[in-house]
Amino acid sequence: MSRLSLGWTLPAYSVLLYAFLYLPIAVIVLFAFDAKAIPGLPIDTFTTDWFAVSLADTRLVGSLFTSIRLALLAAVLSTALAMPAAMVLAWRPVRMKSLVLCLVLGPVVLPQLVLGLGLIVLFRAAPDLIGSPAIVLAHTTMTSSYATLMLYSRFLGFRRSYIEAAMNLGADEFVTFREVVLPLVAPSLIAVLLLAFTDAFGEFVVAWFLAGFTETLPIAIWTSLRQVISPKIYALSALVILVTLFVSVSAQIWILGQSRRECES
Amino acid sequence: MTEPVPNAVELRAVSKVYGASTAVREVSMDIARGAFVTILGPSGCGKSTLLRMISGFVSPSSGDVLIDGVSVLGAAPYERDTAMVFQDYALFPHRTVAQNLAFGLRMRKVAKDEIARRVEAMLELVNLKGFGDRRVSQMSGGQAQRVALGRALIVRPAVLLLDEPLGALDLKLRKQMQAELKTIHRDLGLTFVAVTHDQEEALTLSDRIAVMNGGALEQFDTPENLYRRPATRFVADFVGNANLFDARLGSDGRVEAQGLPLTLFLNPVQRGGRQSGAAIALVVRPETIAVGATAPESHDGRVEAQVEEIMFSGAVQQIVGRLPDGRRITAHQSAALPAPERGTTAVFSWPSQSVWLVDA
Amino acid sequence: MSAARDIARRRSRLRAALPAAGLLPLVLWQIVFFVVPVALILGLSVWRSQSYRLIPAFTFDNYIAIFARPAIWRALLLSVETAAFVTVACAVLAYPVAYFIAKKAGRWRGLLLVAVIAPFWISIVMRVAAWRLLLGERGVINQMAIALGLTEAPMSFLLYSPVSTAIGLIYAYLPLYVLPLYAAISNIHDNWIDAAMDLNASPTRTFFEVILPLSAPGLVVGAVFCFVFGLGEFVTPALLGGGKQLMFSQVIQDEFQRRLDWPSGAAMAVVLLVLVFASLALSMKWIRRASGETGL
Ligand SMILES: Nc1ncnc2c1ncn2[C@@H]1O[C@H](COP(=O)(O)OP(=O)(O)OP(=O)(O)O)[C@@H](O)[C@H]1O
Ligand SMILES: [Mg+2]
């Protein structure tokens, strides 16, 4: 017990910090139940009406479904792009690997604003794509970077002898992938899909630039934030936030368990 | 068709170069069908690389690899009739024991009932009857080793490759698995090529041993020849224990050791056609050396040394002496014989026909 | 025999093409949707615009023009100051928690780590909306403060000011800072700490002479990402900053979308890019070291 011990201060501080992190979330969820038309603190009456109101708002719900649809597409596309690339990067000697990595990881550090503006200029060449297609293309660009990074580290940790054993027993590259690689990385793959979906679902800046007349949920909320906000926005946000938290937490716990099992075996 | 039965494996001047370093250098080897061959050598000498060139995971930089008389250069691992037992077993963790065993047969599109039959038979062969539905994570080290062996054997490969198959097992289990491996080899009549750096394992298991050093093949021979007639100084030193004395070959088989009052006369077989004047090393095995106050009549090789250390290990006692020039000489003799006193000077002696020569 | 060889040769050629086939789609995609847009911005920044029409040219007039505007300087300065402040604040706030998770949380460390990062995945727009509820004149914090008698009148500086932008940014990037810090701190072996204490170093000295230097890679990497993201962040200042004091990203967006002077906006974007890549380049050594040590 000679280790640096700060007694109760460290845990107490940590509790405060977690409170800071979850305070805004709690407030949104709380005000979703406030009966007043303009939410404010003394909450006298609680109601669940706002949830019904928000779900009856076709425009709002329409934007939610647009977001879900576009984010699904981006998640699937980016995972499909990222997986083979991550395998090659992790398992094969690649010429100019650092250049390729820079190319793949660039969108992570590039300010979203700059990417968005650049894409506006690019899509001048194809104005028909403005709207949903442009949003999906842009989000895929951004999420495929994260997806490649996560899958790259997963594949680096993958035991090569599994693949060699399969090939040695007569499975070619494709059968080996189907029979051995895919089943073993499936959990990571699902986790990456979920995280890519979450990321694309919530992204605002680039989508806003490229949206045209398309309205995603973040864009709808942005628009409503410029006026007096109806509590139905909070109700819908609360729902979405809870789902997002659930999805991202389970995806990450999944990854965590996965890497722990890998360490044990 | 000069050869009616082609060799299971033929390596023809195979090399593998990684950038500036050469992992395997011009290795040529013929492995007959049904043989049990081990590749032996110190860590990093290129054993695994050689094995992986046979299995197809590494493609040679130059040279040719033939399996059953046909060149397999350019053939992928799954196009070669080899099966491998991996050092870490590489059992598929998402499959049961039976599914692991069935994998190779499924890849070969064997009929379902045939697969079931052969899996059952294999479980019996490797002493795992009733374990078919277990997850591989529930298997102990020895059991997992058997599953790995069975998974490779079940496809009846032309060559079974084993990369340090017993490396992960404890000593007792290792001995037991060595015996099982030997039995299975005899019963199935398949060609086995194993890698090990445990020389005792190599000596007990195999018909022939390939000793490698620094990527090159030093000698490929039977265990007995390797021990009695080592081809190089490295082999003499690496396989078993040896006392090596640098010497020069004189005329008529006369040999004079350098820096020691030691002269021997060797017969033409021992000289192996070497010219007089050749720099050589004498290989004297410790168990041929007797230690005492005087040398027996028949022992014409003799040196005096100060007894420095005596170690008992059961039936044998190891006696280490210090020669006048400071080097050490080791003798193994029966523990039943009287041991000299430590610190005294004794005569270490051996018959000259038990000596072997290698190039210095 | 030769037919079999032919097939073997064709298959081995196919196998040799597999790595390229796996990498190519992503690389092509990133070239079209990442490299080309950035190149377009670079190219556009040396064009001219005349009555909302783009005229191809090669001139640095845009750069000269933007640096002649004091408003641009003010915005740039505000952005750098805010990003720097946010970075320092995040480092100070994140360090103890990262230390707690890495060294004290025992078997809860995985869950606690995930819990720190989880809010990061919530849409930035929603997070900012929540802060408006908290910081507004009739917001939760003001009403609480009044109810507790801490202030008479609501604190109006809380919302629509650089303060609220900073709070929003700290909130947004705190999780991002905990991650590399956690990785660095959990790489510090407990026996190193014990050894220092055994050599009679006080806890404070142990911290400053052993723990802090060893967590430097995490500190630097976290700082770089915090700073870089803070510089370019748009949503938070746009919704919390109030529009009186503009940040650089807002000015760029304004130039592009309201004034429709794309070349001038592109030049500003290039300035932002240069700042970002200069920070990255300066810290490359540390990023390498951190990723080498954590095996990321
Ligand atoms: N992919 C590779 N790239 C570069 N060098 C390699 C590669 N694989 C092996 N080597 C080198 O080739 C040499 C032989 O390696 P190999 O694995 O065949 O040795 P080994 O005899 O099996 O050793 P051990 O007993 O330790 O397993 C080593 O020096 C090793 O560093
Ligand atoms: Mg090896």
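A cavity is a set of grid points where a 1.4 Å probe fits but cannot get out. In this predicted model, a search of the whole structure finds two cavities of 30 Å³ or more.

Q: Why does Thr49(B) count as a polar contact of ligand 1?
A: An N or O atom in the side chain of Thr49(B) is 2.4 Å from an oxygen atom of ligand 1, and this is within the 3.5 Å limit, so the term applies. Taken alone, ligand 1 exposes 630 Å², of which the protein buries 57%.

Q: Which element gives the most to the shell around ligand 1?
A: Helix 1 of chain B, residues 47-55, gives the most, with three residues. By class, the shell has three nonpolar, six polar and two charged residues.

Q: Why is Lys47(B) placed among the charged residues of the shell around ligand 1?
A: Lys47(B) is one of the residues around ligand 1. Lys counts as charged by definition, so Lys47(B) falls in that class.

Q: What makes His139(A) a lining residue of the largest cavity?
A: Lining residues have an atom within 4 Å of a grid point of the cavity. His139(A) is listed in the lining, together with residues including Ser67(A) and Phe201(A), so His139(A) has such an atom. About 50 Å³ of space lies in this cavity, and helix 3 of chain A gives the most to its lining, with three residues.

Q: How do you know that the second largest cavity belongs in a search for cavities of 30 Å³ or more?
A: Its volume is about 40 Å³, and the search takes cavities of 30 Å³ or more. Helix 5 of chain C gives the most to its lining, with four residues.

Methods: Residues are numbered from 1 along each chain as its sequence is written. Chains are lettered from A and ligands numbered from 1 in the order in which they are written. This is a predicted model: local features need pLDDT of at least 70, side-chain atom pairs count only at pLDDT 80 or more; totals for chains, interfaces and linings use all residues. Side-chain values use heavy atoms; hydrogens and water are left out. A residue is near a molecule or strand if one of its heavy atoms lies within 4 Å of it. A polar contact is a pair of N or O atoms within 3.5 Å; within protein, one must be able to donate a hydrogen and the other to accept it, and residues adjacent in sequence count only if both atoms are side-chain atoms. Accessible areas come from the Shrake-Rupley method with a 1.4 Å probe; for residues, only the protein chains shown count as cover. Helices (H or I, at least four residues) and strands (E, at least two) are DSSP runs, numbered from the N terminus. On a 1 Å grid over the protein atoms alone, a cavity is a set of points where a 1.4 Å probe fits but cannot get out, and a pocket is an open set with protein on both sides within 12 Å along at least five of seven lines; lining residues have an atom within 4 Å of a point. Grid points are joined across faces, edges and corners, and a volume is the space filled by probe spheres set on the points.
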